[in-house]
Amino acid sequence: MGIWILLPIILPTVAGMFLLVSSFLQHLKSTESELKTADSSLKPIVLITLAVSVAAALYVSWTGDKSITLFYFMKDMPICFAVDATTALFVTVVSVVWPLVGFYAFPYMSHEGEEKRFFGFYLVVYGVLMGLNFSGNLVTLYLFYELMTVTSMPMVLHNGSREAIMASLKYLFYSMCGAYMALFGIFVLHKYCDTLAFTEGGSLNLALAQGNETIILIAVMAMLIGFGVKAGMLPLHAWLPAAHPVAPAPASAVLSSIIVKGGVLAIVRVVYFVVGADVIRGTWVQYAWLILSLLTVFMGSMLAYREPVFKKRLAYSTVSQVSYILFGLAVLTPAGMTGALLHVVFHAFIKCTLFLTAGIVIFKYGKSRVEELEGIGKCMPKTLWCYTFAALALVGIPPASGFISKWYLGQGALDANIGILGWGGIVVLLISARLTAGYLLPITMKGFFTEKKPEEIGMKKGEPPMAMLVPLMILAFVAMILGVFPNGLISYAAQIAATVL
C-alpha cells in the first residue's frame, strides 16, 4: 500500500509539467484563435488532477501506517516516504486549502494572464508539498524543501515586472541562505544520530553526543534559523513583505497560509523527531529561539499596524502570526505544542480568507491601499463579512478559532520553566493581539460604516464571481466553525504532542 503515497506527489507534478510545456508551445503559435483553443483544456486538467491528487493524499494519510523507500543516496541515506499523525495533519490542511484557492484562481488569473504557466507551477508545487509532508527522514524533507523554493518562486515572478523580479530574487536568496544553514545541521546530526528517519522523541545517540554538545547545539540553532526563513522568523524574514504585494492574490494566499508552514513542519521534525526536545530544553538554543520568535511576533504586528498597502499589511501579519506557532513549539511543553499545531490549522484558513479578500478588491476595483477601502462593505457586503469573520478569528475573539490556539499557547508558556520569557511571552502575545485588531478591524468599520455612497467613492455595487466568492465563504466558515467545535482537533493535536514530549 505504500506505493499509493507516490500518487499525490507524482500526478500533480506530471500534470503541471505538461501545462508548462503546453504554455511554452502556446507562445510559439501566432494566431489568437489557436491560443484560445489551447486554453480550453486548462480547467479540466487542473480540476481532475487536483481532485484525484487530493483524494489520494487524504486516503493515504488517514488509512493507517504506510511507508515506501525509493532509492538510497548512500548506504544509510534513503529517499523515503512515510505516514504518521503529523503528516496527516499537514497533508489535510494543504489538501483542503489548495483546491479552494485553485478554484478561486480561475477567474482571477483570466484577468491576470498567463493562466497555463501559473496553474502549471500551482500543480507542481502541490506535488512538491506532498513530497515534503510525506517525507520519512530528514534528507528527503530537505530535498523537497529545496524543491518547494524553486517551484514556488515563479509564482512570485509571475507578472514579470521589475518589482516581481527583485522580490523573487530576494525570496530565492533568503531561502537558499537558510537552506545552507539547515544543510550544515544535517551533516552534524548525521554523525551523532542513530538514524535521520523521523522517530517520536528523537534519535540522537546520547553516548556519541556526550562531549560534543556544543557543536550539536550550534547545528540545531543553525537549522532553526535556516528553516525559520521560510516561516518568516527574524533575522531572515524580509522576503515575505517583498513577495506578497507583487504576486497574484492566489499565490499570495498559498505562500502565506501553506508555503510558510513548510518551514514550520521542518522545525517540528528537527526538534521533536530527530534531536529530541530534551536535548535543547533549558539550553541557550531554547532561549535564543524563544527570544527570536517573540521579537518576530511583536515586530511583525507593529509593522503591519503601520503599513498602508493592504497585501503588504497582511504579509507582515503572517510574519507575526507564524511566529506564534514557533513560540508554541519553542516552549517545549505539551500545551504549547498543541497550541502551535492548532494555530497551523487555523492560520491557514484565516490568512487564505484575508488574502483572497485583498485579491477580490484588486480584481474588481484595482485598489491596493487600505485608505482606498472606505465604503467597500456597501459594495460587497458578503465579501467584507467573510473578511471580518477571518479578522476576528486572527485577533482571537471567542468563539472564533484563533482564541483556542492562543489559549493553549499561553498555557504552554506558563507550564514551561522558562522564567520571565513565560510571562513575557504572554504579554507579547496580548500586545500583538491588540495590534492585530488595530490593523484588521478598521477596514471592516470604515468598509461598513461610512456616509459616502458607492458612487462617491468610485465603486459599483456587486459581489465578485461565484467562483471567487464561494471559496472565500467556505474558508471563512471553516475559520469560525473550528472555534465553535474544536474538541476533535484539540484531541488530535494533543495526541501528537504527547507522543513526542
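Keep in mind that the model is predicted.

Let's start with the helix pair. Two packed helices are described by the angle between their axes and the distance between the axes. Our two are H4, residues 85-112, and H21, residues 487-500. They pack at an angle of about 140°, and their axes are 9 Å apart. The crossing of H4 past H21 is left-handed.

Which residues in H4 and H21 meet? From H4, take Ala85, Thr86, Ala88 and Leu89. From H21, take Leu489, Tyr492 and Ile496. The contact of H4 with H21 has 6 nonpolar residues and 1 polar one. No charged residue takes part in that contact.

Next, the core. How many residues does the largest nonpolar core have? It has 192. Those with the most contacts inside it are Trp98, Val264, Tyr272, Trp289 and Leu329.

Look at Tyr272. Leaving out residues up to four places away in sequence, Tyr272 touches Thr199, Glu200, Gly201 and Gly202, among others. Its partners also include Ala277, Leu329, Leu332 and Met337. Val500 and Leu501 are on the list too.

Last stop, Thr149. Thr149 sits in helix H6, residues 138-156. Is Thr149 buried or exposed? Its relative accessibility is 0%, so Thr149 counts as buried. What does Thr149 touch, beyond residues up to four places away in sequence? The partners are Tyr171, Leu172, Ser175 and Lys230.

Methods. Residues numbered from 1 in each chain as written. Predicted model: local features only at pLDDT ≥ 70, side-chain atom pairs only at ≥ 80, totals over all residues. Heavy atoms only, no water. Axes fitted to C-alpha atoms, helices over the stretch in contact; angles between N-to-C directions. Helix = DSSP H or I, 4+ residues; strand = E, 2+ residues; numbered from the N terminus. Left-handed = near helix turned anticlockwise from the far one by under 90°. Contact = heavy atoms within 4.5 Å. Nonpolar A, V, L, I, M, F, W, Y, C, P; charged D, E, K, R; others polar. Core = buried A, V, L, I, M, F, W, Y, C linked by side-chain atoms within 4.5 Å. Buried < 20%, exposed > 50% of the residue type's maximum accessible area, 1.4 Å probe, protein only.
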